[in-house]
Amino acid sequence: MKDFLLTHGRTRVAAALASLFATAFVVLAVVGTARMYTPVPFWDMWGATLGFYIAINDGASWLWWAQHNEHRIVLSRLLFWLDYEVFGGLSVFLLVMNYVIVALGVLLFYRIGHARMANEPARRHIVFFTTCFITAWLYQWIQHENLAWAFQSQFFLAQLLPLCAFYVLHKSASNDKAHLTFAAACLLGAASAGTMANGILALPLMTVYALATRMRLWQTLILAVFTAVTLGLYLHDYNSPEYHGSITDALLQQPLQLAHYVALYLGTPFFYLFGQGISGDIAAGIATAVMAIIAFLCLFQSLRNPRENTLKLALVFCVIYLVGTAVGTAGGRLMFGVYQAISYRYTTPALMAWACILMLMLPVLWQTLRRFPRSGTGVALLLLALMSVQQFAAARAQHALVANRNIAGLALELGINDETQILNVHEMTDGLLRTVEVASQENLTIFGIYPWRDLKQTLGRQARPASLPACIGYLDTVTDIETDPGYIRVEGWLLNNEDRVIPGLITITDASGTIAGYALTGVPRPDVADAVGSHAGLAGFRGYVSANMTGDTAIFVGDTAPCELTTELP
């Protein structure tokens, strides 16, 4: 009885620690995303979300199926449209959906884990601990370019939907009467093509899976028809992006580099966990080799008795799908260099592939842990420690990044072609300026909220009250803008020290109170924090004022806890 209570107590403590570990990973990822958040659209979002919404409202319904690079991101476009139509285009909904999609992946692996350990008496505990690990694994911050970018839902959907399709197809393969389940698998396979370009691999592989598991002939034929129709629709009017490479050329001309790219791509999590550089490169290569060996052995073993291993085969085929994703990406991106494979956004499919490998090996790992508990626990703790080191990077402040993007939004709202600043959110193009012009007129996304709304229309108006208390601050630099000589860039710091408040928006007027420009605070100023106090750490500002003000008196007026600073523009 004493031994039972001791073991039971240890299990409960371990379960609590596992829950805490998984929760901490999710919380840290959310904190990192919140720290990086700004409603200013970033890069592809200007054309593919904001521009898309404007065009759809103008009647361009054909854009739903139009290419985005080599992809047809239909499902993500539905989310983009909802974000603007219902949630104001501020990206919060899209970021939440990134986390929801990952959570659905965790739930799916929970179901798979239950099935994989169906005959194990300790199934409940095994699946619980595995799910805690999978939660931490799939929410790793090394994929922050996807988690914290509102545009990236398709990166998660392109891995989740095919896995769902294979899982549901396994359910159909193991039950000949599950006709609705088979129909759902077909629809999930077709929907995969509407995520990213790699999604078109799902249905062909599902057809091969149906043959491998000896599903009924009519089911295999239906999958083949779905494959043909989906590929035909996808490739109709398809144009290969000019700036992407060819997988054929890569195979023929750079086979070793292609293999290296694929190894890095699939081993990306271990590249970062083992410190990047040479050690990370070696770790990624070894990990990818291990993945290939495990997948091949599981495939070989399962094909001996496919009707009894439908779930195992589904997981193997999902790994094959993700390997195909890596090869396809390498074919198109190898021209940018082998180490383009370690881009943070590519970590998401690699994490999903390794989660599938974990599910394949779960029974073996459990037996190994029972035989060698100390060694197994030591290896697990080492992996968790390496993951934790990477995850704590999410807690770092991102004030400079946020400020730069916000100020880029200010330049766009004011119509100032400050190319250096705007490059923080997009390259300066005519298409960007046209999109901004329409969005500003219609008060869409940031152009409809504080502090950017209607600022351009207020230039030249009278705004300054008769008298305000003095701010403390300093105008540090005034610089010309080569790409827009009509304005000058001003930088410095300002706050209402009496109320210990940093204004969000600074209105810049001439001596008569006529508005001549604006600036935003939030720029990190550790020097000011040291001199004035920690509350002044983000008192730095950057903004724009009419070049006609050069040599005149300028008054900087803070909005929250109003105050003013009078200075001369050199």
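User: Why is the disulfide of Cys471 and Cys563 called right-handed?

Analyst: The torsion about the S-S bond of Cys471 and Cys563 is about 100 degrees, so this disulfide is right-handed. A word on the source: this is a predicted model, in which local features need pLDDT of at least 70, side-chain atom pairs count only at pLDDT 80 or more, and totals for chains, interfaces and linings use all residues. Residues are numbered from 1 along each chain as its sequence is written, and side-chain values use heavy atoms, with hydrogens and water left out.

User: What makes Cys471 and Cys563 a disulfide?

Analyst: A disulfide is a covalent bond between the sulfur atoms of two cysteines. The cut-off used here is a pair of cysteine sulfur atoms within 2.5 Å. For Cys471 and Cys563 the S to S distance is 1.9 Å, so they count as joined. Cys471 is in the loop between α21 and β1 (472–480), while Cys563 is in strand β7 (residues 563–568), so the pair links distant parts of the chain, 92 residues apart. Helices (H or I, at least four residues) and strands (E, at least two) are DSSP runs, numbered from the N terminus.

User: How do you know that Cys471 and Cys563 are buried?

Analyst: Buried means under 20% relative accessible area (exposed is over 50%, partly exposed in between; 1.4 Å probe, protein chains only). Cys471 has 7%, so Cys471 is buried. Cys563 has 0%, so Cys563 is buried too.

User: Why is the pair of Trp46 and Phe447 called tilted?

Analyst: Rings of Phe, Tyr and Trp (its six-membered ring) pair if their centres lie within 6.5 Å; planes under 30 degrees apart count as stacked, over 60 as edge-to-face and the rest as tilted. The centres of Trp46 and Phe447 are 6.3 Å apart and their planes are at 50 degrees, so this pair is tilted. Trp46 lies in helix α2 (residues 45–57) and Phe447 in the loop between α20 (430–441) and α21 (455–458), so the pair ties together parts 401 residues apart in sequence. Both residues, Trp46 and Phe447, are buried.

User: What makes Phe21 and Phe25 a tilted pair?

Analyst: The structure holds 25 aromatic pairs. One of them is Phe21 with Phe25, at 4.6 Å centre to centre and 40 degrees between the planes, hence tilted. Being four residues apart in helix α1 (residues 2–36), they are separated by about one helical turn. Phe21 and Phe25 are both buried.

User: How do you know that Arg405 sits over the ring of Phe42?

Analyst: The rule asks for NZ of Lys or CZ of Arg within 6 Å of the ring centre and within 35 degrees of the ring normal. The charged end of Arg405 is 3.9 Å from the centre of the Phe42 ring and counts as over it. Arg72 likewise lies over the face of Tyr234, at 5.3 Å from the ring centre. Phe42 also belongs to one aromatic cluster with Trp43, Phe80, Trp149 and Phe151.
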